[in-house]
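Dear colleague,

Please find below the structure that I am handing over to you.

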Amino acid sequence: MSKGPVNPPAYWYGDLPVPLGARLLSGVYGAVSGFRRSAYRKGWLKRGHPGVPVLVVGNLTAGGAGKTPLTIALVERLRAEGWNPGVASRGYGRDDAGTARWVDAKSDAALSGDEPVLIAQRTGAPVRVDKDRAAAAKALVQAGCDLVICDDGLQHYRLARDIEIEVVDGRRRYGNGRLLPAGPMRELPDRAQACDFRVVNVGTGGCDTGFGEWSMRLVADMADPMLGGRPRKVGSFSGQRVHAVAGIGDPERFFSTLREFGIAVVPHAFSDHHQYQASDFEFGSRELPVLMTEKDAVKCTAFADERFYSVPVRAELPEAFWVSLLDRISAKAREYRDGRASGAKTA
């Protein structure tokens with residue numbers, strides 16, 4: 001089952017020829033985005049910085065790559081190290097997108113965005129959504145945060161940043177390497193050279209990483225009943241048929257994860273950030289369990305029943321990654337405290 005456009009054009013990640021119209025539009029897109037980036041780098045457009053370390057998590061391709069699980073892991077680890085991080089986000093797909101707002105665990109995902117609500121639920125950190133993420137960062141610092149993490153902000157050059165983390169889908173990588181809409185690229189692949197860290201989402205089954213890349217494994221081994229109660233191991237559904245629901249950038253990644261546990265998946269792929277209604281779950285065979293991603297679950301609490309389970313994921317990265325990142329953040333924080341900061345990255 002599919003509701004809305006869930007699959008990218010076949011030529012993005014395949015060998016099919018790119019239509020002429022897409023290639024022409026790709027040239028226009030590249031010229032506009034390149035000029036915009038240059039304008040910020042040269043100071044023609046104003047950038048904002050909150051005066052504390054700013055860490056941006058993003059990717060060069062359209063669609064999901066694992067940014068939100070990494071953001072959650074960053075918040076949890078940094079808090080454990082004594083930091084008080086806050087998260088700035090646009091809140092993609094939310095209603096009334098022009099209104100800035102604070103997000104907490106009980107916020108309405110339709111107004112705040114599914115990913116910000118999920119981050120707030122999992123971490124309890126201050127989360128601010130604003131189409132101007134420089135303004136969101138300033139608000140977080142005024143609220144007492146000593147470090148700002150920007151979720152999906154690699155191309156939001158209005159926010160000056162100190163550290164950039166690119167997240168790469170290890171299975172699909174950059175596809176054909178072309179700019180939108182001829183390919184999946186928001187920026188050309190050589191933009192990655194300006195990023196401080198390159199994290200490759202190897203999923204659950206693993207895949208190869210290259211020189212200078214850090215592997216990120218997403219672990220999904222528990223299923224939480226959405227009406228409350230004791231969590232179940234995902235493996236306990238082995239040998240059963242389940243309805244699997246995913247409205248994320250790459251739904252097949254979620255379905256494949258469940259299949260690795262021996263689960264007979266009946267897949268239901270929806271468009272990324274889909275706003276669910278009860279009618280979306282009229283599958284016919286109502287007796288089957290319904291397993292969905294956390295990002296989907298935050299939008300389905302109003303009509304969930306005893307069949308509904310949320311499958312959270314946690315990001316696992318090498319300890320060497322954390323050592324390197326924490327050293328970089330601490331050094332930058334000392335510069336700001338001592339008034340020695342030489343300026344944020346110009347990307």
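**Cysteines**

The sulfur of Cys195 lies 13 Å from the closest cysteine sulfur, which belongs to Cys150, and this is too far for a bond. Cys195 is itself buried, at 12% relative accessibility (buried means under 20% relative accessible area, exposed over 50%, and partly exposed in between, with a 1.4 Å probe and protein chains only). The structure holds zero disulfides, a disulfide being a pair of cysteine sulfur atoms within 2.5 Å. Cys145 is likewise in no disulfide, the nearest cysteine sulfur being that of Cys150, 13 Å away. Cys145 is buried, with a relative accessible area of 4%.

**Basis of the values**

This is a predicted model, in which local features need pLDDT of at least 70 and side-chain atom pairs count only at pLDDT 80 or more, while totals for chains, interfaces and linings use all residues. Residues are numbered from 1 along each chain as its sequence is written, and side-chain values use heavy atoms, with hydrogens and water left out.

**The sheet**

Nine strands make up an open sheet of mixed pairing, in the order β4-β5-β3-β6-β2-β7-β8-β9-β16. Helices (H or I, at least four residues) and strands (E, at least two) are DSSP runs numbered from the N terminus, and two strands pair if DSSP finds at least two bridges between them. At the edges stand β4 (101-103) and β16 (314-316); each has a single partner strand, so one side of each is left without a neighbour in the sheet. From one strand to the next, the twist averages 25° (axes are lines fitted to C-alpha atoms, for helices over the stretch in contact, and angles run from 0 to 180 degrees between N-to-C directions).

Strands β3 (residues 85-89) and β6 (residues 147-151) run parallel and are joined by four bridges. Gly86 has Val148 as its bridge partner in β6. Helix α4 (residues 114-123) packs on the sheet, where it touches β3, β4, β5 (127-129), β6 and β16, and its direction makes about 170° with that of β5. Contact here means heavy atoms within 4.5 Å.

**Loops and backbone geometry**

In the loop between β3 and β4, Asp96 has a positive phi of about 50° although it is not a glycine. Asp96 is partly exposed, with a relative accessible area of 45%. Asp152, in the loop between β6 and β7, is a residue other than glycine with a positive phi, near 60°.

A cis peptide bond, with omega about -5°, joins Leu180 and Pro181. Pro181 is placed in the loop between β7 (163-169) and β8 (197-203).

**Two buried loop residues**

Gln155 is found in the loop between β6 and β7 and counts as buried at 16% relative accessibility. The side chains of Gln155 and Arg186 are joined by a polar contact of 3.1 Å (a pair of N or O atoms within 3.5 Å; within protein, one must be able to donate a hydrogen and the other to accept it, and residues adjacent in sequence count only if both atoms are side-chain atoms). A polar atom of the Gln155 side chain also lies 3.2 Å from the backbone oxygen of Asn59. Neighbours within four places in sequence aside, Gln155 is in contact with Arg36, Asn59, Leu60, Arg186 and Glu187.

Thr61, in the loop between β2 (54-58) and α2 (67-80), is buried at 6% relative accessibility. Not counting residues up to four places away in sequence, Thr61 touches Tyr13, Arg173, Tyr174, Pro184, Met185 and Arg186.

With kind regards
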